[in-house]
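Trainee: I have this model open and would like to go through it. Can we start with the covalent links and then move on to rings, a pocket and the backbone?

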Amino acid sequence: MRRSRRMAAAMSALAVAAGGLVSAAVIGAGPVLADHCDPAQATASPSAQQRQQDQNGQQDEDQQQQPDQQTQAPEEQNTAQQQPDDQQTADQQTGDQQTGDDQQGQQQEQQDQTGQGGGAAVLDPAASPEPEETASTFSRRGRQTRTPTPSPSPSQSQTQDPDDQGTGSPSPSASPTATDEHDECLDLGPFVEDFVNIRQVQSVQQDARTGRNGSRGTFVSQCGTNRNGHNNPDNFIVAPGVSNGAHHLHDYVGNLSTDGFSTDESLAAAGTTCRQGDLSTYFWPVLRDRKVDVNTDDPDGNVGQVLRARSVTLQFRGNATSRVVAMPRFLRLITGDAKAATNGTANARAGWSCTGFQNRISPDKYTLCPRGSQVLRILDFPSCWDGQNTDSANHRTHVVFPGQGGACPQGTRAIPALRMTLAYTVPAGPSYAVDAFPEQKHNPVTDHADFANVMPDRLMQSVVSCINRGRRC
């Protein structure tokens, strides 16, 4: 009986040690970046992660004390039992011999585990399987040391207690620590709190009701989804003459020549992906699958596989209280604020939704859609023109948004209101992000888009006529 108890205690201690080695081995394997550039593997913002790490550190200290408590328990039970002295002496001798055998066996098995990279996961049949990687488990993993590839002879950094860091100087060949990876990847954003289930978004009335004098028609310019791969990180409206002026990648449809050096003349002379000769340029920051290790060396932190929109709807709409007038050619418009995370939300115009839930639009969180539903980006442009200018110093004051009732402010005229609706198939869970300036941490509130009208005058007149007559063109 006593021998079996001592064997059980030794095996429990061995299982705890083996579990630590197995965890270290599992952490050492697999991709270096994908699993924690993925927002689903980040618990929250960096401050929230630090609080979680502190709590996990305390739990690990408590677990380290458990083996000693387990090995002491059989001895305490033996003291309480009343046995003859001779039998007790014999048991003690047998127990001492067994303890020596157990210690020798434990040392041998630990050597075997070290030589096999921690492959003794079956030592404890009752051990729980490796938990599924979730937002909560990542907070523990983020503190552990990784290696790009497993080694037959793990270094100390691979086999040490995952929470025992900072006790010695790492060797020059040591793998990067979680602190380095935290700086390189975890702080990129977005974070789990930047996502919301679409069913938790409140239903809203998106548009003002059209009155008797309003214009009800619509016109859709069909320009494709950028199958030709027209991308660059430029923005000739906000940063003319600058390469990488946006510090994030744009998708373009329409005008084939658009880049940081575009001018009215170059746009007018180019080709287009749009039907009916629409030479206008429409562009927006790309969306990325953050589960895929692509673009990991991007200096601006835009990591992941680019997701091309499955559908792009460029709809020009009327005004709730008046007829619309033609846009001037080469009119330039922006919507949203690419720096809203730091500037504040005064100019933010992000709209995240899901197909089948267009009455639910989140202005500041990425939406998590049910199976079969696609993520939507709904981007409305200002539509009250000052009647004179095609641009302004801040690219906003020459065309503003209608008031709450849909009417344009005094001194402005209603022009066709552009609404971009982009639909995407995204990876499951909170694992996608919009490209952004580095300091914006891929906050969903920073979504934005740009437009320059290069429609021929005749086509613009057709747009106005369709809208004012209440037609759908």
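This is a predicted model: local features need pLDDT of at least 70, side-chain atom pairs count only at pLDDT 80 or more; totals for chains, interfaces and linings use all residues.

Trainee: How many disulfides does a search of the whole structure find?

Mentor: The search finds 4 disulfides. As a reminder, a disulfide is a covalent bond between the sulfur atoms of two cysteines.

Trainee: Take Cys223 and Cys274. How far apart are their sulfur atoms?

Mentor: The sulfur atoms of Cys223 and Cys274 are 1.9 Å apart. The torsion about that S-S bond is about 105 degrees, so the disulfide is right-handed. Cys223 sits in the loop between strand E2 (218-221) and E3, while Cys274 sits in the loop between helix H8 (264-268) and E5, so the bond ties together parts that are 51 residues apart in sequence.

Trainee: And is Cys223 buried or exposed?

Mentor: Cys223 is buried, because its relative accessibility is 4% and the cut-off for buried is under 20%.

Trainee: Which cysteine does Cys354 pair with?

Mentor: Cys354 is joined to Cys369, with an S to S distance of 1.9 Å. This link is left-handed, with -85 degrees about the S-S bond. Cys354 belongs to strand E10 (residues 352-354) and Cys369 to the loop between strand E11 (366-368) and E12, so the parts tied together are 15 residues apart in sequence.

Trainee: What about accessibility for Cys354?

Mentor: Cys354 is buried at 0% relative accessible area, whereas Cys369 counts as partly exposed at 24%.

Trainee: Then Cys384 and Cys408. What is the torsion about the S-S bond there?

Mentor: The torsion is about -80 degrees, so the disulfide of Cys384 and Cys408 is left-handed. The sulfur atoms of Cys384 and Cys408 are 2.1 Å apart. The pair links distant parts of the chain, 24 residues apart: Cys384 is in strand E13 (residues 384-385), and Cys408 is in the loop between strand E14 (399-400) and strand E15 (413-414). Cys384 is buried, with a relative accessible area of 1%.

Trainee: Rings next. How many aromatic pairs does the count come to?

Mentor: The count comes to 10 aromatic pairs. One of them is Phe236 with Phe283, a tilted pair with 6.2 Å centre to centre and 40 degrees between the planes. Phe236 is in the loop between strand E3 (231-232) and strand E4 (250-254), and Phe283 is in strand E5 (residues 281-285), so the pair links distant parts of the chain, 47 residues apart.

Trainee: Why does Phe236 count as buried?

Mentor: Phe236 counts as buried because its relative accessibility is 1%. Phe283 is buried as well, with a relative accessible area of 0%.

Trainee: Which residues do ring pairs link into a cluster?

Mentor: The cluster consists of Phe195, Trp352, Tyr366 and Tyr432, linked by ring pairs.

Trainee: Where does Lys339 lie?

Mentor: Lys339 lies over the face of Phe437, at 4.7 Å from the ring centre. There is also Arg349, which lies over the face of Phe401 at 3.6 Å from the ring centre.

Trainee: Changing topic: what volume does the second largest pocket have?

Mentor: The second largest pocket has a volume of about 960 Å³. Its lining comprises 33 residues, and those nearest the centre are Gln206, Asp207, Arg349, Asp380 and Arg419. So Arg349 turns up again, given its place over the ring of Phe401.

Trainee: Which elements give two or more residues to that lining?

Mentor: Those elements are strand E12 (375-380) and strand E16 (417-424). E16 gives the largest share, 3 residues.

Trainee: And the make-up of the lining by class?

Mentor: The lining has 13 nonpolar, 13 polar and 7 charged residues.

Trainee: Last one, the backbone. Which residues does a cis peptide bond join?

Mentor: A cis peptide bond joins Gly189 and Pro190, with omega about -5 degrees. Pro190 is in the loop between helix H7 (178-184) and strand E1 (195-197).

Trainee: What is phi of Asn244?

Mentor: Phi of Asn244 is near 60 degrees, a positive value in a residue other than glycine. Most residues other than glycine have a negative phi. Asn244 is in the loop between E3 and E4, and at 27% relative accessibility Asn244 counts as partly exposed.

Trainee: And phi of Phe330?

Mentor: Phi of Phe330 is near 75 degrees, a positive value as well. Phe330 is in the loop between strand E8 (311-317) and strand E9 (332-336).

Conventions
Residues are numbered from 1 along each chain as its sequence is written. Side-chain values use heavy atoms; hydrogens and water are left out. On a 1 Å grid over the protein atoms alone, a cavity is a set of points where a 1.4 Å probe fits but cannot get out, and a pocket is an open set with protein on both sides within 12 Å along at least five of seven lines; lining residues have an atom within 4 Å of a point. Grid points are joined across faces, edges and corners, and a volume is the space filled by probe spheres set on the points. Helices (H or I, at least four residues) and strands (E, at least two) are DSSP runs, numbered from the N terminus. Ala, Val, Leu, Ile, Met, Phe, Trp, Tyr, Cys and Pro count as nonpolar, Asp, Glu, Lys and Arg as charged, and the others, Gly among them, as polar. Rings of Phe, Tyr and Trp (its six-membered ring) pair if their centres lie within 6.5 Å; planes under 30 degrees apart count as stacked, over 60 as edge-to-face and the rest as tilted. Buried means under 20% relative accessible area, exposed over 50%, partly exposed in between (1.4 Å probe, protein chains only). A charge sits over a ring if NZ of Lys or CZ of Arg is within 6 Å of the ring centre and within 35 degrees of the ring normal. A disulfide is a pair of cysteine sulfur atoms within 2.5 Å.
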